[in-house]
Amino acid sequence: MSASVKLPPFDPGDPLGIDDLLEPEDLAVRDTVRSWAADRVLPYVAEWYESGELPGIRELAKELGSIGALGMSLDGYGCAGASAVQYGLACLELEAADSGIRSLVSVQGSLAMYAIHRFGSEAQKQRWLPGMAAGDVIGCFGLTEPDHGSDPAAMRTHARRDPGGDWVLNGRKMWITNGSVAGVAVVWAQSDNGIRGFVVPTDTPGFSAPEIKHKWSLRASVTSELVLDDVRLPADAVLPEVTGLKGPLSCLSHARYGIVWGAMGAARTCFETAVGYAKSREQFGRPIGGFQLTQAKLADMAVELHKGILLAHHLGRRMDAGRLRPEQVSFGKLNNVREAIEICRTARTILGANGISLEYPVMRHATNLESVLTYEGTVEMHQLVLGKALTGLDAFR
Ligand SMILES: Cc1cc2nc3c(=O)[nH]c(=O)nc-3n(C[C@H](O)[C@H](O)[C@H](O)COP(=O)(O)OP(=O)(O)OC[C@H]3O[C@@H](n4cnc5c(N)ncnc54)[C@H](O)[C@@H]3O)c2cc1C
């Protein structure tokens, strides 16, 4: 290396210089979402978390719509048509505030809207997507059931075709994000011709969505049961372009991609909190950040945090190039959520007793990530996806 080459300064916030990979438009999206979260989520989220409520969720959804965050990487119908990398950056910034807010956006855009956009009729797209992109209509996605989570192929919710052509849905869905506040539910059900998706207006008689209380994770997020008792829908309520489990699984793949980024947002907040604390908290007459054991923790956290962000970028570029495989999404979700939770737990130790207080964001993020570790495919499911891809042997059952 020539002695005359001047290296850029080391940036503790971006030690690998990953921002060099971003275009000005990417940075603009990131700044917009970061400043929205700083104004509208960070000052209040500890209170929401403590009360286990997300008051003003409808207003928040409209604001998210106004900054283009809903159905962000979809084209047309009022959606922003952003790149996969930009969508990922938005997920990271939202989850840096709280996983519950990122979940609201993921379920709206990557699950409910994505299902309609990819598999819906033109009439379904025209009817639902513009209002959902604006945040006027909240959507939910009903796949999991009380007795069927990791194995959705065994679902019992059933759609019967009436002689008149109507569909009649019966069953229960469980752990459904946004359920009680949704205006529209995308519900997956067994039919005589395999699993089909249905677009269900939530004011349809027989549909109800009682909220699930007493959660100790994702407390600033609405989670519900969906009850379908003889829900009668017109013939055109079915998503016409897909039959079988590949419908919901391709939506999940899109949402999981956002989680690959989002988890690193939660990790970043915990890491930054730990660095700040380690520099100011004194024990034995000096900052705890000056002890080698604390520095080893911080160095290892930084390594995993920025490796994870780099991985998210790599997957984002593959998605933008149309080359992202589901196994690669599993790779990212498995690694990044697992590492993010580890970073949060280590941050918790650096904060000592203060680490368990809601005065700091660390415990909130750590407990949120317990849900993120489970939903959109558990650790074990992604290990099995990768294991199958690596060996050619299916160990799912
Ligand atoms: C806060 C929250 C929000 C959610 N939002 C939604 C939503 O909007 N829509 C939706 O449809 N669902 C949602 N879910 C549900 C989520 O997707 C499921 O919880 C998840 O798929 C796991 O299903 P389960 O909880 O039934 O666990 P199970 O499938 O019962 O698994 C329990 C354990 O067994 C393991 N296991 C299962 N099978 C195997 C195997 N073959 N080999 C090894 N280990 C195995 C699992 O990995 C796990 O550790 C949400 C969940 C939470 C917590």
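Reader: Thanks! To start, is Lys 6 buried or exposed?

Author: Lys 6 counts as exposed, because its relative accessibility is 77%. Here buried means under 20% relative accessible area, exposed means over 50%, and partly exposed is in between, with a 1.4 Å probe and protein chains only. Before we go on: this is a predicted model, where local features need pLDDT of at least 70, side-chain atom pairs count only at pLDDT 80 or more, and totals for chains, interfaces and linings use all residues. Residues are numbered from 1 along each chain as its sequence is written, and side-chain values use heavy atoms, with hydrogens and water left out.

Reader: Good to know. Where is Lys 6 placed?

Author: Lys 6 sits in the segment before helix 1. Helices (H or I, at least four residues) and strands (E, at least two) are DSSP runs, numbered from the N terminus. From C-alpha to C-alpha, Lys 6 is 69 Å away from Arg 232, and the two are 226 residues apart in sequence.

Reader: Okay, helices next. How many residues of helix 7 are buried?

Author: Helix 7 is mostly covered, with 28 of its 35 residues buried.

Reader: And what span should helix 7 have?

Author: Helix 7 runs over residues 246–280, and at 1.5 Å a residue it should span 51 Å; its end C-alpha atoms are 51 Å apart, so the two agree. The expected span is 1.5 Å times one less than the number of residues.

Reader: Where does helix 7 bend?

Author: At Val 260, by about 30°. That bend is the angle between axes fitted to the seven residues ending there and the seven starting there.

Reader: What classes of residue are in the lining of the second largest pocket?

Author: Five nonpolar, three polar and eight charged. Ala, Val, Leu, Ile, Met, Phe, Trp, Tyr, Cys and Pro count as nonpolar, Asp, Glu, Lys and Arg as charged, and the others, Gly among them, as polar.

Reader: How many cavities of 30 Å³ or more does the structure hold?

Author: One. The largest cavity has a volume of about 40 Å³; a volume is the space filled by probe spheres set on the grid points, which are joined across faces, edges and corners.

Reader: Which helix gives the most to the lining of the largest cavity?

Author: Helix 9, with four residues. The lining of the largest cavity divides into five nonpolar, three polar and two charged residues, and Lys 333, Val 372 and His 382 are among them.

Reader: Now the strands. What is phi of Trp 175 near?

Author: Near 65°, a positive value in a residue other than glycine. Trp 175 is in strand 3 (residues 167–177). Most residues other than glycine have a negative phi. Asp 230 also has a positive phi, near 50°, and lies in strand 7 (residues 223–233).

Reader: Last one: where is Asp 192 found?

Author: Asp 192 is in the loop between strand 4 (184–191) and strand 5 (194–201). At 72% relative accessibility, Asp 192 counts as exposed. The C-alpha atoms of Asp 192 and Arg 161 are separated by 8.4 Å, though these residues are 31 apart along the chain.

Methods: 1 Å grid on protein atoms, 1.4 Å probe; cavity = no way out; pocket = protein on both sides within 12 Å on 5 of 7 lines; lining within 4 Å.
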